[in-house]
Structures are given as structure tokens and as C-alpha cells.
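The following exercises concern a predicted model. Please work through each task with the sequence and structure at hand before reading its solution.

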Amino acid sequence: MSDFEREERAFRAALARAADGFEPRELAIPGVSEESGPADLSDETEKAEEKAPVRRKAPWILAAAAAVLAVVGLGGVVANLQTDGSSGGESTAASDASGVEDSGGAPKALADQDGAAPEGTYREPGRTDLPAPAEGNRWAVRYNIAFQVPEEWADATAPALPECIAEPGDQWDTVPRTPYVANITNRPVPRIACNETSDRDFPPQFGKVPFALWQPYVLIEKPGKGASLQTGSWEHEGWLLTRVQIEDAYATILTGPGDDEINNQVKGSLRTTPKDPYGCETASPLAEGDPVRPKTEPSTSPLEGDAPESIALCRYEPSSASLTGSREITDTDAAGLVKAIRSAPRRSGPNTPQNCAPGQPVTAYVILRIFRDGDTPKDVYVNYENCADHGFYDGITVHELTAAACRPVFAEAPVTIYSVQDDVAKVCLS
């Protein structure tokens with residue numbers, strides 16, 4: 001790339017950001033949800049992307065329904081080709097935790113201009129591990145790592161094969177078109193060999209997404225045993241990439257020109273937490289290979305009783321024993337989900353045991369944590385992976401996966417399905 005082209009990109013980015021800064025604040029519309037969301041990232045209108053990326057300040061409405069689905073293998077498995085956005089090469093560089101803690105040893109929380117955090121809504125008032133987020137920000141949790149991002153940042157899935165993207169809008173371009181928190185996925189990725197290198201003349205730490213498609217993001221990764229990622233900070237044409245280590249996880253933060261403060265604030269808010277803001281435990285209650293059902297039988301079904309105040313949808317990955325994503329439904333939506341589960345047939349299904357080897361462990365499951373006013377939360381386990389024992393388990397009985405009960409669970413990121421049998425996909429994916 002010539003010096004002229006670099007200067008042109010920087011100039012375009014500066015103009016676009018200046019224009020964004022004068023946009024009026026958008027009204028929040030009650031009931032609107034957010035990706036991977038109804039927007040189709042492969043839509044032809046997205047092919048007209050500007051040459052240089054800019055940080056867009058308006059929220060992008062995304063959902064699991066926009067996922068690209070493909071039938072893979074002989075067992076009828078449906079694979080969502082959205083990805084976890086893994087982009088960094090491994091190294092043995094030392095951890096760089098600078099900026100994560102303040103002078104008192106405690107992680108810094110974002111604050112508004114007056115230095116006081118506004119009130120937040122949490123399942124347990126008085127929690128000290130997660131204070132209320134700063135005005136205009138929200139907490140995001142991946143594994144047991146919590147951090148604050150601007151509230152318009154979506155939950156989205158990074159491209160599966162960024163090295164295969166030849167140009168914006170091609171078949172491998174599933175790059176989110178908005179700043180995002182990367183989802184953690186267990187989806188299959190096709191084994192194809194490609195290494196498009198045009199427009200990749202930037203430091204390798206920035207990954208393989210073409211520069212024209214860059215968006216600000218936060219990615220939390222847990223490398224395999226004995227592996228590590230390079231930590232530090234890198235800059236390219238005003239974009240700042242920072243990677244720090246928190247216990248056994250790594251946080252990678254990318255922000256655009258002029259947003260170094262956001263990068264530092266996200267880094268400063270990083271911390272570990274036993275629960276997310278909705279009440280999901282961040283440590284998986286099941287060990288790898290265990291059946292997806294409650295370990296003890298409750299005295300009464302969590303599905304019985306008054307209408308729930310809220311339901312936390314908690315998605316787990318048994319292999320890392322951690323929470324991989326969560327969201328919350330409340331009021332009539334929560335009551336409707338409980339009613340739909342109770343109305344489903346009292347049996348397991350749909351099942352296709354002939355498609356899987358015996359004893360194959362699940363790679364993801366969901367727990368519905370049901371909150372009723374004045375009562376302790378009660379859990380319903382959702383098994384939808386592999387080929388058998390599918391259903392909603394309340395500790396007493398099991399209810400079949402039906403469209404009315406299953407689709408609300410997986411309607412929005414980051415609680416989404418990335419690989420599943422055809423029969424379950426037809427029921428649970430709209």
C-alpha cells in the first residue's frame with residue numbers, strides 16, 4: 001500500500017468520525033433487541049463499505065437469525081459459520097497487566113463526568129464485585145471476566161475465516177458492521193486453505209481481517225493448557241490494539257482513531273466475577289461429560305408458581321467450565337417462556353441417537369435461572385446438543401424442545417446455537 005493510500009484512509013476516517021460526532025442521539029425503542037440480529041451481514045448494501053473503517057456510534061441491531069447455516073457431515077449437523085473471532089498468534093511473551101488496576105490495587109470502574117456511577121439493575125442489590133456501570137455503558141461477561149463497554153456495542157460473532165476474505169461483501173465476510181463484544185462459540189469451521197493477503201500490511205497482532213472492515217471490539221480468550229498469547233499494545237493508523245492477561249484468560253481490545261480513552265477505560269474495568277449482572281454463575285455447574293440436567297431433585301418444579309420476575313439465560317461451555325454468554329428476559333416474556341415449557345410434551349426430544357457415537361460429551365448447554373419475587377432462583381437445564389436427551393430438565397421431569405419454548409431461548413446473541421442436529425435446528429432456529 002502506498003503512502004498516499006494510507007494518508008487517504010486516515011483522512012477519510014477522520015472526516016467520517018467528525019460527521020458521526022454531530023449525529024443526534026437516537027431514542028431507545030422499548031422492546032427492540034440486539035447479534036447477531038435481524039440484520040443480514042451479507043446484504044448487498046453492506047458491500048458499499050467505505051475504504052477506511054470508522055467507529056459507528058449508533059447501535060446495530062443484530063440476531064442469531066442472521067447466521068449463515070450450512071449442512072455439514074453425514075449426521076445432519078447444522079453449523080452456524082459465525083465465529084469466536086480468534087485472531088491472535090501464540091507466543092511466550094510475559095503478561096502485560098498494566099492499566100488493569102489502579103494505585104489502590106483494585107480494578108478501576110468507569111465513571112461519569114461527576115465521578116459517580118449511576119444506579120444499575122442487578123439480581124442481588126449491594127454486590128461489590130460489579131458496581132453499577134457508568135452512564136452510557138454496560139457490563140459484558142465472558143467466562144468469569146467482566147468488563148464495561150459502551151452500551152451500543154453489540155454482542156456479535158467475529159468472522160470464522162478472516163484469512164479467506166478477499167474483499168468486503170464476499171462469502172467469507174461475516175465481519176460485524178458495528179463495535180462489538182465477541183461471542184464465544186463452539187461452531188465447526190470448514191478446513192479450507194486460503195490466505196488472502198491484500199490489504200493486510202499491518203502488524204500481525206491485528207489479525208487477518210482486511211483493514212477496510214475493522215471495527216472496535218473486545219475478545220476474551222482462554223488458550224489451551226500451556227499456551228499463551230502475546231500481550232502489549234500496538235498502533236496502526238490511529239487504531240489501538242491492547243492485550244492483557246487476567247488469570248488464565250486474555251482480553252484483546254481494539255478501538256478506532258480518537259478512541260484511546262475507550263480502550264483504556266475498557267482495560268481499566270476488567271475484573272473477575274462469580275456472577276454476571278443477571279445472576280448467572282460464571283463457573284459451570286457441570287463438569288465436562290456430565291449429563292445436562294440438575295444434580296439434585298427439587299421439592300417442586302421451578303416451572304410451577306407465580307409468574308417469574310425475570311429469567312437469566314445462561315450459556316455454558318463444559319470444556320472450560322465457564323459461562324460463555326448470557327442475557328435476560330423479564331415480565332410477560334419470562335412468563336410466556338415458562339408457560340411454553342410447561343405446555344410442551346413431557347418427554348425428551350426431538351432425538352436422533354443414530355447420528356452420534358455413544359457417550360459423546362456436550363460442548364454447550366443453557367441454564368434458565370428463574371427469579372420470583374422473594375424466592376431463591378431455581379434452574380431449568382436445556383439440552384440441545386448431540387443427538388439424544390434433548391429437552392428442558394427441571395429436576396423432576398423433562399419437556400420436549402418445541403418451537404414455542406426453544407426459539408425464545410436462542411433468539412438473541414450471545415445465547416445462540418452454533419452447531420446442532422437438523423431436527424433441533426428446525427425447532428429452535430426461526
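**Exercise 1. Disulfide links**

The link of Cys280 and Cys314 is left-handed, with -80 degrees about the S-S bond. Determine where the two cysteines of this pair lie in the chain.

Solution. Cys280 belongs to the loop between β13 and β14 (310-317), while Cys314 is in strand β14; the pair links distant parts of the chain, 34 residues apart. The S to S distance is 2.0 Å. Buried means under 20% relative accessible area. At 0%, Cys280 therefore counts as buried, and at 1% Cys314 is buried as well.

Next, state the handedness of the link between Cys406 and Cys428.

Solution. The sulfur atoms of this disulfide are 1.9 Å apart. The angle about the S-S bond is 95 degrees, and the link is right-handed. Cys406 is in helix α4 (residues 403-406) and Cys428 in helix α5 (residues 422-428), 22 residues apart. Both cysteines are buried.

**Exercise 2. Thr242**

Is Thr242 buried or exposed?

Solution. Thr242, in strand β11 (residues 239-246), has 3% relative accessibility and so counts as buried. Its side chain makes a polar contact of 2.9 Å with the side chain of Asn263.

Note on methods
Residues are numbered from 1 along each chain as its sequence is written. This is a predicted model: local features need pLDDT of at least 70, side-chain atom pairs count only at pLDDT 80 or more; totals for chains, interfaces and linings use all residues. Side-chain values use heavy atoms; hydrogens and water are left out. Helices (H or I, at least four residues) and strands (E, at least two) are DSSP runs, numbered from the N terminus. Buried means under 20% relative accessible area, exposed over 50%, partly exposed in between (1.4 Å probe, protein chains only). A polar contact is a pair of N or O atoms within 3.5 Å; within protein, one must be able to donate a hydrogen and the other to accept it, and residues adjacent in sequence count only if both atoms are side-chain atoms. A disulfide is a pair of cysteine sulfur atoms within 2.5 Å.
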